[in-house]
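Subject: Helix packing in the attached model

Dear colleague,

Please read the notes with the model open beside them.

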Amino acid sequence: MMRYDQQNALLQLAKRCNAECMRATDGAKPKEYTQITMPIFSKYERQASAIGATLVQLKYRIAVMNGVINEQR
């Protein structure tokens with residue numbers, strides 16, 4: 001379980017990553033999304049690991065923010 005400060009840091013990181021991915025894919029064809037976003041996710045994965053999070057946790061946070069996953073509490 002992540003501490004509150006780690007969760008907060010991950011959320012802020014996810015917001016920045018999401019914004020960068022949205023800017024990069026604006027106007028791109030859907031089949032190009034993976035090619036465009038992989039380097040962005042790699043960059044943010046290094047930052048996430050520095051706060052004790054994984055790429056999966058980062059992508060999960062982004063999916064929740066974008067409404068792809070409904071988080072049950």
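The notes below begin with conventions, then take up the helices and a few single residues.

Please keep in mind that this is a predicted model, in which local features need pLDDT of at least 70 and side-chain atom pairs count only at pLDDT 80 or more, while totals for chains, interfaces and linings use all residues. Residues are numbered from 1 along each chain as its sequence is written, and side-chain values use heavy atoms, with hydrogens and water left out.

**Helix H1 and helix H2**

Helices here are DSSP runs (H or I, at least four residues), numbered from the N terminus. Helix H1 covers residues 4-25 and helix H2 covers residues 33-50, and the two pack at an angle of about 160° with their axes 10 Å apart; axes are lines fitted to C-alpha atoms over the stretch in contact, and angles run from 0 to 180 degrees between N-to-C directions. That angle makes H1 roughly antiparallel to H2, a term used for angles over 145 degrees. The crossing of H1 and H2 is right-handed, meaning that the near helix is turned clockwise from the far one by less than a right angle.

On the H1 side, the residues that meet H2 are Leu13, Arg16, Cys17, Glu20, Cys21, Ala24 and Thr25, and their counterparts in H2 are Tyr33, Ile36, Thr37, Ile40, Phe41, Lys43, Tyr44, Gln47 and Ala48, where contact means heavy atoms within 4.5 Å. The residues of this contact of H1 with H2 divide into 10 nonpolar, 3 polar and 3 charged; Ala, Val, Leu, Ile, Met, Phe, Trp, Tyr, Cys and Pro count as nonpolar, Asp, Glu, Lys and Arg as charged, and the others, Gly among them, as polar.

The lengths of both helices can be set against an expected span, which is 1.5 Å times one less than the number of residues. For the 22 residues of H1 that span should be 32 Å, and the end C-alpha atoms are 31 Å apart, which agrees. H2, with 18 residues, reaches 26 Å from its first C-alpha to its last, close to the 26 Å expected.

**Helix H3 and its contact with H2**

The axes of H2 and H3 come within 9 Å and cross at roughly 115°, and H2 and H3 are therefore roughly perpendicular to each other, a term that covers 65 to 115 degrees. H2 passes H3 in a right-handed crossing. Phe41, Tyr44 and Glu45 of H2 make this contact with Leu55, Leu58, Lys59 and Ile62 of H3, and the residues involved in the contact of H2 with H3 divide into 5 nonpolar, no polar and 2 charged.

**Buried residues**

Buried means under 20% relative accessible area, exposed over 50%, and partly exposed in between (1.4 Å probe, protein chains only). In H1 the buried residues are Gln6, Leu10, Leu13, Ala14, Cys17, Asn18, Glu20, Cys21 and Thr25, and what covers them includes H2 and helix H3 (55-65). In H2 they are Thr37, Ile40, Phe41, Tyr44 and Ala48, with a cover that includes H1 and H3. In H3, Leu58, Arg61, Ile62, Ala63 and Val64 are buried, and these pack against H1 and H2.

**Three residues to look at**

Phe41 lies in helix H2 and, at 13% relative accessibility, counts as buried. Leaving aside its neighbours within four places in sequence, Phe41 is in contact with Cys17, Cys21, Leu55, Lys59 and Ile62. The C-alpha atoms of Phe41 and Leu58, which are 17 residues apart along the chain, are separated by 8.8 Å.

Ala24, in helix H1, counts as partly exposed at 32% relative accessibility. With neighbours within four places in sequence again left aside, Ala24 is in contact with Ile36 and Ile40, and its C-alpha atom is separated by 7.0 Å from that of Ile36, 12 residues apart along the chain.

Gln35, placed in helix H2, is exposed, with a relative accessible area of 67%.

**After the helices**

Just after H1, Gly27 takes a positive phi of about 85°.

Definitions and conventions. Angles under 35 degrees count as roughly parallel, over 145 as roughly antiparallel, 65 to 115 as roughly perpendicular and the rest as oblique.
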